[in-house]
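Welcome! Here is a short tour of a protein structure, taken step by step. Please keep the model open while you read.

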Amino acid sequence: MIWKVLLVFAALSLLALGGGSAIIPELQRQAVIEQHWLSNSQFVDFYALTQVTPGPSMMVVALVGYQAAGVAGALAAMLGMFGPSSLLVLNVRHTWNRLRNSRWRRMLERTTRPFAVGTMLASATLVASSTNQHAAQWLITLVAAGLVGSKRLGILPTMVLSGLAGWLSGVL
Amino acid sequence: MAWIREETVKKRDWLSEDEFAQAVAVCQLLPGANTLNMAVFLGSEMRGWAGALAALLGLVTLPFFIVLGLGLAYGRLEQGPLIRASFGGLGAGAAGVALGTALQMGQKHLRDAWLVFLAALVFAALAGLRLHMLAVVTLVLGLSLIFDRGRASKP
């Protein structure tokens, strides 16, 4: 199981074009639908939790690995996720700087941005459709999107407010 | 990222503004989390692969234990209605944060119709068709290579 975890994350590591969050839709598909490491609602809970904890937002991979194969699984997930991409950075950082004016590099530069936007939208849709059951939750999603999208509020305070709003809706 | 810049360029003079900008450009282009790529890049500039490893471990060790602790606590948690409602709020908020971030990035970066088309394609392939990500990456790079070469060759 640990090898499987390592392998899945190593592949994801090199596909994370345009930033770490790009893997969220594929991670959900692999971990929940293909491998059954955790339930969809656990996945969304973990994703939400790692948005309010310090450190890179990609720490959700540690929780998915933990759910799959305990502490060793969590370590394997981290190694798989950050190993291959780090090795790539180590090996090509100088080559890439020299290629500053190459057509390939410019094409890749143009492609990573829409990729990041598309994957982020897909994450939003997948998370919202798995977790939102009441109108109140959709309202929270829209307000949070408005606050973050217009840069009126940072991610952490927006998340804290959302959690409080959810709790309040449970009390009422 | 702003914090890394503050610490390495402004406070410690480890590298110049221009070197920093180049590092950011490379790290955003390569796959992987941008901040972690940045840590590896800057660490290796200073102390080779040992520096890269130190920077990487420095960035993820504490968050790893915090997150793991939360995971353990989550497993023990009584999933009462109030807890579920709070997680419902957090999940809804996380979806909103992702949506807001996407809107913000889109406004800033999707400057022509081709880029909007690619973003919509990636979205539909991943959220709608649930294609494997390798297929989506290949498709997008292939389409860019065929249809976007002319524009990409202009500075």
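## Words and ground rules

Helices (H or I, at least four residues) and strands (E, at least two) are DSSP runs, numbered from the N terminus. This is a predicted model, where local features need pLDDT of at least 70, side-chain atom pairs count only at pLDDT 80 or more, and totals for chains, interfaces and linings use all residues. Residues are numbered from 1 along each chain as its sequence is written, chains are lettered from A and ligands numbered from 1 in the order in which they are written, and side-chain values use heavy atoms, with hydrogens and water left out.

## Chain A at a glance

Chain A has seven helices and zero strands, which gives the pattern α-α-α-α-α-α-α along the sequence. Along the principal axes, its C-alpha atoms fill a box of roughly 60 × 40 × 25 Å.

How much of chain A is buried? Of its 172 residues, 55% are buried, meaning under 20% relative accessible area with a 1.4 Å probe, protein chains only. A contact means heavy atoms within 4.5 Å; among those in chain A between residues at least 6 apart in sequence, 59% join residues at least 24 apart.

## The largest pocket

A pocket is an open set of points with protein on both sides within 12 Å along at least five of seven lines, while a cavity is a set of points where a 1.4 Å probe fits but cannot get out; lining residues have an atom within 4 Å of a point. Grid points are joined across faces, edges and corners, and a volume is the space filled by probe spheres set on the points.

The largest pocket holds about 1800 Å³ of space. Its lining has 49 residues, and A:Ser21, A:Met120, B:Asn34, B:Thr101 and B:Met105 lie nearest its centre. Helices of chain A and chain B contribute to this lining, with the largest share, eight residues, coming from H4(B).

## The largest cavity

How many cavities of 30 Å³ or more does the structure hold? There is one, and the largest cavity has a volume of about 50 Å³.

Helix H2 (24–34), H3 and H5 of chain A each supply at least two residues of its lining. H5(A) gives the largest share, four residues. Among the lining residues are A:Ile24, A:Pro25, A:Phe43 and A:Leu126.

Technical notes
Buried < 20%, exposed > 50% of the residue type's maximum accessible area, 1.4 Å probe, protein only. 1 Å grid on protein atoms, 1.4 Å probe; cavity = no way out; pocket = protein on both sides within 12 Å on 5 of 7 lines; lining within 4 Å.
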